[in-house]
Each structure stands twice: as structure tokens, then as C-alpha cells.
Amino acid sequence: MPVTSDSLTPDPLARERAHLAGSRAALRAMRADAEALDIRDVTANWVNAEVLQSGLEQRIASLADLAHAPLFFGRLDYLHDHGGEDGHSFYIGRRHVHDADGDPMVIDWRAPVSQPFYRASKKDPQDVALRRRFGYTGGELTAYEDEHLTDPAEAERTSALLQAEIERPRVGPMRDIVATIQPEQDEIVRAGIEGTVCVQGAPGTGKTAVGLHRVAYLLYAHRERLTRTGTLVIGPNDSFLSYIEQVLPALGELEARQTTVEGLVARPDVLVRGTDSAGTARIKGDARMAEVLRRAVRSGVRMPDEGCVVVRGSRRWRVPAYEIEEMVRELLARGMRYGAAREALPQRIAHAVLVRMEAAGEAPDDRTQNAVARNAEVKALVKAVWPAVDPAKLVLRLLSDAEFLAEQAEGILTPDEQKLLLWAKPARGVRSAKWSAADAVLVDEAYDLVERTSSLGHVVLDEAQDLSPMQYRAVGRRCTTGSATVLGDLAQGTTPWATESWAEALSHLGKPEAAVEELTEGFRVPRDVIAYASRLLPDIAPTLRPATSVRESPGDFAVRPSDGLDTDIVTACREALGKEGSIGLIAAEPRTAALGKALEAAGLPYLSPGEETSQDVRLTLVPATLAKGLEYDYVVLDEPAAIVGAEPDERTGLRRLYVALTRAVSGLTVLHATPLPGALAE
């Protein structure tokens, strides 16, 4: 039972409130000190000054006292001293705060001394005598709850404050879970940076939040390394990114970039304006396309018909054709990037000339070799033997020229598959072409074959189950020398090329050794709701274990027959708006226009996915195709059969429905005029 201001003498709670007030004052002082720094005379040049100023501005921004995020949420009382600090108590919060003497008032949740807050238990107290959780109302500290982990007389129990925080209504963007991280989640969050981690997470298990908190932890533990190499969060769409964009800043981290796969491979000359059929997109996303592209990039390489003659002063130096052919074949065999090999070839020819010069008694040096490599005859030969490749033009030709495609795809793609790839009307040029999203990934692959893509330090890939093998390769190129956190749920794969196993996906990503962790305990979806949605699992992902909910509340759950009138939906939305929190009306995409008009006619204002809910407008009209990754306190689900029917096949439709059913945090109302699909009708 939490201790509140109404249930105890004021002194203990007053002391905690005083510490909160003191900590906030200390944070303001830390920010003021940072703002007062004068760096004008401490740098050697304007470049260093800009870098230092940018770092200082980020430091100031990270020290903001956010009204919606309590400065600390817990306290640990240790049995013995830790970290050389005097005393045994540590307040655990979102960022480190120290007083004027440098003594800590709040410890960052990512610090080693904070770890037992998440993992200590009665069975394994980890030297913790007391764990205290704090409750807040409107930013005011109003309650606390104690666990005496080393007291054998005190029974282990579920934290009421923890449950209340998990079930707190959601209005606005996604919030952090730093106060409610569970032991199994914390193990993933604090996993080492060297290895890649894949999280198979059922709906409501917090996999997205775990991935974001892992980024925050790695930036804390490996700040210098990741500042140098960079971090990136990849989400399924812009609406999802808008929803999660406040989590890392709330944890004091401003450096991680966020994008979609489409944004990752975007190039100014490859404008995505077209779409592919499901069959065409599946072939373009197939891993076999990597070999087709590799062949296409190298298709212009020719063996020399004659040698190369270089004139230096009064002397002529000849490198015969057979020797140059050996160089070309050796470069091809090494598997180098096409562009790097093209740059190496003139140096190889120049070295052969220098060997001849030395044999003749001359003493050439490196400057001589570079001069020979730039010789007009050498450059002309390289241009003929190893021509430059424009990746976008190459892919354009591959998709437009049936004969060229047949040559490169021989033995890899069938004639019918090749026909699916060819554009019905070839484009005149790169900029005028109506590229599809899958085409842009092919261009990205071609660019990497010519010149190596830069690698980041760490990449988080969310909703990974929906990526094609070629998209996995595009992401993997961005972390070849770094690591990744892969998040997803095989049961929620809703693309024609959705992955069937994480082993396959990780292989395409280039991280086959990654550990796969499974989260099945749900903290978001109520028990009755997840049990209802899990009826679909035998049809959509028979190898997965059904999720279980740790929520004490079964949820407000109802399945209602409807007359098929939009007024029934409006009535259900009004009922949901009578409760606290955000409301999501999820429907098949073809139905959203009619439902939007019905809401407007009824005087119910609504938002589109990605727009931030507020106390004035709490209802969002969500096409089922954009529901993935989002969550609402109450969901009104329109016509399940229509959601299934809007997809190209039944399994994909049932997976889309599974996603839509599991967006609810507190309640779900399903309305249907047609029979319920699959196992939901039982």
C-alpha cells in the first residue's frame, strides 16, 4: 500500500519533497553554470569554436527541468557503501544532478549503482536494504512505497505505484518507461555494445521502449565512441517516429537521429513517386537481387585488346596487354568495391612502369608513380577497361532493358520473375523515372557496390519483421563495424515479404551471431484484450508463444454486433471519450474517409496519426495500415473483416487485424456488421 500525504505524519514525505526541491534547484544551478560559460577565447579556430559551442548548447538543453518528467522516481538504501560515496542512500532519476560541492543529489538511472533498482529482489537483494518508489500527481510528489528486500518478515508483493504508472492514461506522444523497467527488459537495455541483440516482443511487452532506453544507456556508457560514430533509430513510418520522438530527449539524449528505411536510402536524384505490385515488390526485395546487381555493376569491365605505352621524357615504357589483364582479373577476384578497384588499376599499371624504369637504372619515387597513374594513356586505358558506373543509371537500365536484365539475371531469376521487374514504360532518365520504394533500395545496394557505405556505431531497427531481405542489407550496411538492436514481432509482419524467422533476417542484416531474446509478458495490453487477439496466433505465427499480461485490470473489453451504420461507430467513440485518456478509431483504410465525414457531421474533432493528442482533441482516426507501433488508452475497432479483406491475402489481413486489436491500453470495443474472421468468431 503506498504511503500518501493523507496517511502519515508529514515529516517523511516532507523530507522527500524537500530533497526534490533541492534537486531541482541544483539542476537549475547546473544549467545556469553551463549558460554562463564563455568559450570565445578557448579555441584555436572558428571550426573548433563551432564544435565546442554545439556541444555546449546540447549540454544546456539536456539540463532542462521537464515539468512532465519527475526528476527522480526511486531511492535505494544500501547495506554498505557503494562507489566510495558517504552514506548509503541514492535517489534514482533520469539524469545526474549534483550540488554546489559536486556531491550527487540524483543518480542517473544508467549508472551501475542504479542497476539494483530494476533487478534486486527478495531472493537476490544485491545489498539493497530498501527500495523506495515515488508517486507523482501533476508533477508533485504525493506518495511513496517501500520494499525491505532483506527483511524476511515482509512478503514479496506487486508494487501498487508500479501498476499505477503502467496503467496511467496516455495523452500525447510516447513517454519513457524509465521508472517501470522490468528485470528482463533491463538485461536487454544494459547488454554490451559489442553484440547485436534481437528482441522478439509480443504486443505490449515494451520492445520499442526497451530499444529506445538501450540507445540512451549506450550513449551514457559509450559516450565518446558513439558521439564519434553516431547512433540511428529506424522506424516503420513518419507517424511512428513522431510518436516516439520525445522519449530520448526526456532522458537527456539529443544526439540519436531518427528515420525510416525509405529515408535511410533516399537520394535527391531518385524521387520515389511510383508503387509496385506485391509480386514485383517481393522480387525486388529478394536477396537474389544483390547478385544480379553485382553482376550488372561489373558488366562493363573488359579485358584490354592492347598494352599501354607511357612516354616519360625521351623514353617509352610499355606494359603488355596480358600483364594488364592479370591486374584486372586479380582486382575482380579480390571482391573489392568497384570504385576502389577502379582507383587501384592505374596505380597497378604505374607500378609496372616503375619496375621497368628501375630495371633500366632510373630512380623513380612515389611522385613519379602518381604522375604515371595520371598519364593520359593510362587514364584512357582504365576508362575503356574499367568504366565508371553511375548506380542510379545502372538500376534504371536494369529495369528498362530486357536484354541487359536477362544477361545479369541468368541462372538467378526465372523469365517470369524478370518480366515482373521490367517497367511497362521505360523512363527517359533518372530524374524523370517513377521510382518505387523498392527501387530506391536497389539503387542503395548499387551505390554500396561502387563505394562502401559509412558505418554507424549503433543502429536500432524497430518493426523489423516487415523488412525485405534487401532492406535488411541496406540497414546492415549502416552498422557493418557497429552493432544493432533489432526489435519486432513475427506475428505482426504485414508486408508480402515479411520475414518468417529471425535467423533469416539476421543473416541478411549481416549479424547472424546476434542473440535473440523473447519478451512475452505484456505491460500495456489488458488481459482480456491480449487473450482475444491471441486467438489469431495459430493462423498467423504458430511457432510463437501467446503473450500474457501482468496487468491486474482485465480491461474494458466488448465485441458488439452492428447494423453497419457509421452512427454506431460515432456512438462508440462518444462512449470512449467519456473516459480519461487517448482514443484511437482504427479501421480499414478504404473506410477512413467515410468515418471521417461521420465524425465531422457528429461534431467530434479528430486527429490523423502523427498529430499530438491533447486534452481538447483526444480522438485519432487511424487507418489499420498505420496502426503499428502506436497505442491508445481506448480503441474502437471498426469492422474486422474489412481490415482483413483490404490486404492481398488472408494471412497478411489477419496479421493486420492482430496489430489493430493490440493497440489498446485500457479498453477495446469491436464493432462488426459482417461475420468475424477466423478464430475470433469462435
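This is a predicted model: local features need pLDDT of at least 70, side-chain atom pairs count only at pLDDT 80 or more; totals for chains, interfaces and linings use all residues.
**Stop one: a six-stranded sheet.** Start with the open sheet whose six strands run in the order S10-S9-S13-S14-S8-S15, paired in parallel fashion. Its edge strands are S10 (257-260) and S15 (515-519), each of which pairs on one side only. Look along the sheet and you will find neighbouring strands turned by 15° against each other on average, direction ignored.

The average for the protein is 90, and 93% of the residues score at least 70. For a contrast, select residues 4-9: pLDDT stays under 50 there, and the model gives this stretch ten contacts beyond four places in sequence.

Back at the sheet, select strand S8 (residues 197-201) together with S15. Five bridges join S8 to S15, and the two run parallel. Which residue of S15 is the bridge partner of Gly-201? Leu-519 is that partner.

Helix H6 (residues 207-221) touches S8, S9, strand S13 (458-461) and strand S14 (483-488), and its direction makes about 165° with that of S14. Helix H22 (residues 502-509) also packs on the sheet, where it touches S8, S14 and S15. The angle between the directions of H22 and S14 is about 145°.

**Stop two: a five-stranded sheet.** Next, show the open sheet with the order S18-S22-S21-S19-S20, in which five strands pair in parallel. Where does this sheet leave a side without a neighbour? Strand S18 (556-561) and strand S20 (619-623) stand at the edges with a single partner strand each, so one side of each has no neighbour in the sheet. The twist from one strand to the next averages 15°.

Zoom in on strand S19 (residues 583-587) and strand S21 (residues 632-638), a parallel pair with four bridges. Within this pair, Ile-586 has Leu-637 of S21 as its bridge partner.

Helix H25 (residues 566-577) packs on this sheet and touches S18, S19, S20, S21 and strand S22 (664-672). Its direction makes about 170° with that of S21. Helix H28 lies across S19, S21 and S22, and runs at about 140° to S21.

**Stop three: a hairpin.** Select residues 308-312 and 315-319, which are strands S11 and S12, an antiparallel pair with five bridges. Two residues separate the strands of this hairpin, and Gly-313 in the turn has a positive phi of about 65°. At Arg-312, the bridge partner in S12 is Arg-315.

**Stop four: the second largest pocket.**

Some elements from earlier stops return here. Among those that each supply at least two residues of the lining are strand S9 (231-235) and helix H28 (650-661). Helices H10 (261-264), H11 (278-284), H20 (437-450) and H21 (469-477) each supply at least two as well. Colour the lining by class to see 16 nonpolar, 14 polar and nine charged residues.

Definitions and conventions:
Residues are numbered from 1 along each chain as its sequence is written. Side-chain values use heavy atoms; hydrogens and water are left out. Ala, Val, Leu, Ile, Met, Phe, Trp, Tyr, Cys and Pro count as nonpolar, Asp, Glu, Lys and Arg as charged, and the others, Gly among them, as polar. pLDDT is the predictor's confidence in each residue, from 0 to 100. Contact means heavy atoms within 4.5 Å. Two strands pair if DSSP finds at least two bridges between them. Axes are lines fitted to C-alpha atoms, for helices over the stretch in contact, and angles run from 0 to 180 degrees between N-to-C directions.
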